[in-house]
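Let's take a walk through a protein model together. Have a look at it first, and then we'll go through it piece by piece.

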Amino acid sequence: MISVGRNVCIDGPKSNVIVGKRFKIESSVYLQAISKDPMRFGDDVTICEGTTIRPSGHWGGNLGYGMMMGNRSSIGAFSYLGCSGRITIGNDVMIGPRITMIAENHNFVDLSRPMNQQGVNNKGITIGNDVWIGASATILDGVTIGDHVIVAAGAVVTKDVPPYAIVAGVPARQIKNRNEDVNQHDEE
């Protein structure tokens with residue numbers, strides 16, 4: 001079963017959007033399906049109201065890579081995913097509302113040329129399995145977030161996060177390890 005809310009816009013070839021079972025896309029979602037690779041969404045995926053997923057800004061031969069999203073994962077309301085570089089989201093990922101993922105950076109080294117004429121680079125973003133990303137967090141290009149991670153609300157993640165870490169702040173830094181509590185109980 002596929003559930004599509006009101007005012008959903010899928011821009012580009014519908015064949016470039018591949019969805020699993022029980023896919024839910026809520027009202028006012030903009031999904032741009034103009035990308036090098038298909039946009040893939042697993043089983044039991046929800047994309048909440050007002051979210052924008054956009055792999056390609058302008059199409060002059062510079063198509064973005066798109067995204068892949070695993071099973072039982074969701075994207076919170078009013079989020080923005082700029083997947084010019086590939087965004088890969090694992091299984092069982094909870095993404096809060098108003099998050100931003102930007103898988104692209106503008107080049108800016110040449111001071112004799114405007115930045116908008118220097119092109120872009122994109123490394124992509126990878127989110128592991130069993131991850132919780134809090135409301136209004138930002139994940140920047142080139143970041144890999146390991147399995148079982150918690151990203152606090154409002155955090156700005158600029159570098160890789162190891163498995164089981166809890167990160168918070170601007171820029172995000174590790175404040176705790178989820179394994180610590182488990183290991184302490186084992187020792188008692």
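Is E26 buried, partly exposed or exposed? E26 counts as partly exposed, because its relative accessibility is 23% (buried means under 20% relative accessible area, exposed over 50%, partly exposed in between, with a 1.4 Å probe and protein chains only). Before going on, note that this is a predicted model, where local features need pLDDT of at least 70 and side-chain atom pairs count only at pLDDT 80 or more, while totals for chains, interfaces and linings use all residues. Residues are numbered from 1 along each chain as its sequence is written, and side-chain values use heavy atoms, leaving out hydrogens and water.

Back to E26: its side chain meets that of K24 in a salt bridge, 3.6 Å from N to O (a side-chain nitrogen of Lys or Arg within 4 Å of a carboxyl oxygen of Asp or Glu). K24 is partly exposed too, at 36%. The model has six salt bridges by that rule. Another one joins R178 and D130, with the closest N and O atoms 3.9 Å apart. This pair links distant parts of the chain, 48 residues apart: R178 sits in helix α1 (residues 178-187), D130 in the loop between β17 and β18. Helices (H or I, at least four residues) and strands (E, at least two) are DSSP runs, numbered from the N terminus.

Now for the strands. Nine of them form an open sheet with mixed pairing, in the order β1-β4-β7-β10-β13-β18-β21-β23-β24. Strands β1 and β24 stand at the edges, each with a single partner, so one side of each has no neighbour in the sheet. Two strands pair if DSSP finds at least two bridges between them; β10 and β13 pair in the parallel sense over two bridges.
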